[in-house]
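Morning, everyone. Let me put the structure up.

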There are 2 protein chains.
Amino acid sequence: MMRTRPLRVALLGCGVVGSEVARIMTTQAADLAARIGAPVELAGIAVRRPDRVRAGVPQELITTDATALVKRGDIDVVVEVIGGIEPVRTLITTAFEHGAGVVSANKALLAAHGAALHAAATAAGVDLYYEAAVAGAIPLIRPLRESLAGDKVNRVLGIVNGTTNFILDRMTSTGAGYSEALDEATALGYAEADPTADVEGFDAAAKAAILAGIAFHTRVTIDDVHREGLTEVTAADIASATRMGCVVKLLAICERAADGRSVTARVHPAMIPLSHPLAGVREAYNAVFVEADAAGQLMFYGPGAGGAPTASAVLGDLVAACRNKLADRTGVGESAYTELPVSSMGEVVTRYHISLDVADKPGVLAQVATVFAEHQVSIDTVRQQGKDGEASLVVVTHRAPDAALSATVDALRKLDTVRGVASIMRVEGE
Amino acid sequence: MMRTRPLRVALLGCGVVGSEVARIMTTQAADLAARIGAPVELAGIAVRRPDRVRAGVPQELITTDATALVKRGDIDVVVEVIGGIEPVRTLITTAFEHGAGVVSANKALLAAHGAALHAAATAAGVDLYYEAAVAGAIPLIRPLRESLAGDKVNRVLGIVNGTTNFILDRMTSTGAGYSEALDEATALGYAEADPTADVEGFDAAAKAAILAGIAFHTRVTIDDVHREGLTEVTAADIASATRMGCVVKLLAICERAADGRSVTARVHPAMIPLSHPLAGVREAYNAVFVEADAAGQLMFYGPGAGGAPTASAVLGDLVAACRNKLADRTGVGESAYTELPVSSMGEVVTRYHISLDVADKPGVLAQVATVFAEHQVSIDTVRQQGKDGEASLVVVTHRAPDAALSATVDALRKLDTVRGVASIMRVEGE
């Protein structure tokens, strides 16, 4: 049953993920061959620093000329685990032009240029797979694209960044502030030296864009995603969430509008009830909740990062791409037929939890309530609390458009009796 | 892009699941056509009772002659949601012979005759898909077969029967006994009038066989699966579990042996720690935990039964089968190349929680401990408790082969000082 010529794979990048991919391709070669129907071999590994020692990676395959590697003409599949936009975008396009399918773990690239890359893959008659780009080892893209292909997905709600989940989990379990929890995450290797992409939500926003596009069969780029990081989440916010029977998570939320005519995608910290399955996702784990018309509520949970878990997703795609190469076909590609537009954050319907520092005198609550009413925002609960001559008001609203909620907060800030807005956080998952 | 001739689907069975499939095929026709690349239409619906009114199902498509329907020759895909072995096995084989791919939700058939059916599908050059056969709407078969195709799965641990999970959840939350909880499940429609298939574990065992075969790339039938139902679980067992920080679940467990040379598959009630993600699976929900070498621990969670959720899985498979028909190809089929044998329950390595009623006199614990030692079973903890002149001993063992544990219990029963073995339950998920 085996073809004589093995399938040839070029690996671009050999860091934490790439070296795991190379290791598994070597140690599991017989299983991969049996599952693919032909042996698969590493034809070359492009790296920036050829002198760096990589345990278990055949030194003779190492090259610094990635372009020459993808242009060889005998490469069946290119695995890209470099990251970033350039030179990767050019390398992948070149790989397509030379007849290679591509497996990528590159969320930033896919979230920015997914449509063009899919078009280039289709034009070349090859595959573009990227399961590893979202939530590491957790199968999400294939289930959304194929398992749920007969269903209508209405919402995707997920914890898709392990670093920020670790930080928030620590803040929740120890009462630590943001900086302290970030320091711990850095010390334990969960946060990078420059944590910006994680803590400012860029990483999660790229994943939200990819998930929204696939879930709603439309095109969503990272520029369409409303993004707020967690740097402003305070220990007081976490304590407020606890009092409400909630926990704070950095969520990626993709929703179909109630009228079905548009979609939204956003990343921000939010309170979710302790009873929600996502509330129990601890440390650096990821989990994604999917709500579909017929399926109901599904959840996918697992390690969202790390060398081996990400390599697992890469290798699943590699097996699929190799099988398709053998059969001279391509797998399920982009589906963007709905062409649903992406609405702005103002149109998202959500709830706010707002803590106000107010003057401790009669009539304040009435004033505050009037502001909410003027903006058509209905109040669910109010809790008043005195402290040292001042008072605090904690208001939780009913669902309303984000623009109305935001305008309400602006108007509250202008009230003389409101000394300050201590915190604002959305409440999700109810 | 659309072909003129629509893809034709024959539906066998129009009960709870079938009528949902028919409904969604009608209401979502435009989306299904866009995702498949051609319109898809219901060509006929075979039922036993043609006079029964089925809301939204076109009466002119109803027939009682399923054989004639699958033999028509113009059917692209047959959807089978009848259940049971015959006449379904013959109908599916006939469908293959007439060039139709098959989408089935039939766990009993696949667990008994999966290999032969796959062979027949391969011989005919058509697809056999059955995502709906395991855990309803939860994507499991495609993720195991495709997303994890580059990984090595070592264990699958799941709650795959909603009825029994509902019963155990009620026993845990209300302290009710088994019969009382079963009555409630029946009244609420979670249990059938004859609950045997669920409460005796047959349903879960069929699913375990299917999952084990796919996870380990070998063949496992329901006869290979060790099966214990939950009819003997008592309120006292549940209370013991609570005292241990555990909860009782009916688990389907598929494992690769430590030496990698065999696999096991079993279904039985077991205690799992409250901290385990499966412990939080409430009511009739299903969840499956997958442990793989590279991916680590993944969990898939969702509704495991019901018309619409099962239809979601059926329709996902239908879209895949239709796409393949259009491209004149087949998807990923059976993979059984490892030919790993299935070991018996005696070789499973697990832990026991044993409650003994013993005489309240000196030396009993020493006697009991000696029996464990003689069988090479190491004790983790012992708790002694006096009650009315008698005493109870609760022993939790370390991991040992099930045969040794079982022989230990037999020997304990023969001790004069042991009045009775009040309960035995395995402890998993640690």
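Start in chain B. Arg266(B) and Glu255(B) form a salt bridge, with 2.9 Å between the closest N and O atoms. The term here means a side-chain nitrogen of Lys or Arg within 4 Å of a carboxyl oxygen of Asp or Glu. Arg266(B) lies in strand 10 (residues 263–273) and Glu255(B) in strand 9 (residues 246–256), so the pair ties together parts 11 residues apart in sequence. Strands are DSSP runs of E, at least two residues, and helices are runs of H or I, at least four, numbered from the N terminus. Both Arg266(B) and Glu255(B) are buried. Buried is under 20% relative accessible area, exposed is over 50%, partly exposed is in between, with a 1.4 Å probe and protein chains only.

Some ground rules. This is a predicted model: local features need pLDDT of at least 70, side-chain atom pairs count only at pLDDT 80 or more, and totals for chains, interfaces and linings use all residues. Side-chain values use heavy atoms, without hydrogens and water, residues are numbered from 1 along each chain as its sequence is written, and chains are lettered from A and ligands numbered from 1 in the order in which they are written.

Now chain A. Glu428(A) pairs with Arg266(A) in a salt bridge, closest N and O atoms 2.8 Å apart. Glu428(A) follows strand 17 (418–427) and Arg266(A) is in strand 10, so parts 162 residues apart in sequence are tied together. Glu428(A) is buried at 3%. Arg266(A) is buried too, at 0%.

Last, the total. The whole structure has 42 salt bridges over all chains.
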